[in-house]
Amino acid sequence: MLLVMDKAESRRALELRSRILEMGFPCAVSFPPYAVDHLRPVLCILTFLDAIDTVRRSALEDVPALVLGEGFVNSLFHARTFATEEAMLTELENRIYAHLHAERGTFFGIPGYILPTGFAVNELQVYYRMFSLGLTEREKRILKVILADPGEKHSYRRIEAYAFPYPYHENTYDVSGTIAAQISTINRKAAENAGKRILQYSSGENSGYIINIRKPAGRK
């Protein structure tokens, strides 16, 4: 749902992506030639002032962008500039919580947020109905990708891009088995700790994983 883009493969983009992942939010990174079809939907692009012209020529020109750097950005670019990374990430966090309809809270003394689907997330763990799921770091990242857009079908390629280290595999089969096994483990742990398998594979057009939880009545 969050995508860091640059005009060429760069350490600054990878470091920015790492900081967003450390904040607990799914984030991918893309460099030219911007093969981004499997990354949609994208909530927000993060980029740099000297790269915005190149980034806006990608297939994601309709997605709002947060730009690090001081200077002029064409108003047609649907972008907002920030002088510091801290200010940009604060705005990013506010947008994410609004998108998720998340309520901020504290769990066991650690700040986090609650989702309408009954999940709660903090720095240490993901909870369902306040039961800890006991997930590893990679399992948490996989689940957070699916929680970020519960109405979407999340393919292996999409999950890899938003949760796994860069560079990504060229062949989907290189990661599909690993991701399927880890999702099976997530479901097993959820059943053991919270009494419910929480993920399922939805086949058909644009097949992928979805949350197997109904939202409470009245929530959109």
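Which residues does S202 touch, not counting residues up to four places away in sequence?

1. S202 touches K153, S207, G208 and I210 under that exclusion, where contact means heavy atoms within 4.5 Å. The model is predicted, so local features need pLDDT of at least 70 and side-chain atom pairs count only at pLDDT 80 or more, while totals for chains, interfaces and linings use all residues. Residues are numbered from 1 along each chain as its sequence is written, and side-chain values use heavy atoms, with hydrogens and water left out.

2. S202 lies in strand β11 (residues 199–202); strands are DSSP runs of E, at least two residues, numbered from the N terminus. S202 counts as buried because its relative accessibility is 16%, buried being under 20% relative accessible area with a 1.4 Å probe and protein chains only.

3. The side chains of S202 and K153 make a polar contact at 3.3 Å. A polar contact is a pair of N or O atoms within 3.5 Å; within protein, one must be able to donate a hydrogen and the other to accept it, and residues adjacent in sequence count only if both atoms are side-chain atoms.

4. In strand β8 (residues 119–122), F119 and V121 point one way, A120 and N122 the other, and all are buried. In a regular strand the side chains alternate between the two faces of the sheet.

5. Strand β7 (residues 110–114) runs antiparallel to β8, joined by three bridges; pairing requires at least two DSSP bridges between two strands. G112 stands opposite N122. Four residues separate β7 and β8 in a hairpin, and G118 in the turn has a positive phi of about 95°.

6. Strand β9 (residues 126–128) pairs with β8 in the antiparallel sense over three bridges, with Y127 as the bridge partner of A120. A hairpin of three residues joins β8 to β9.

Notes: Buried means under 20% relative accessible area, exposed over 50%, partly exposed in between (1.4 Å probe, protein chains only).
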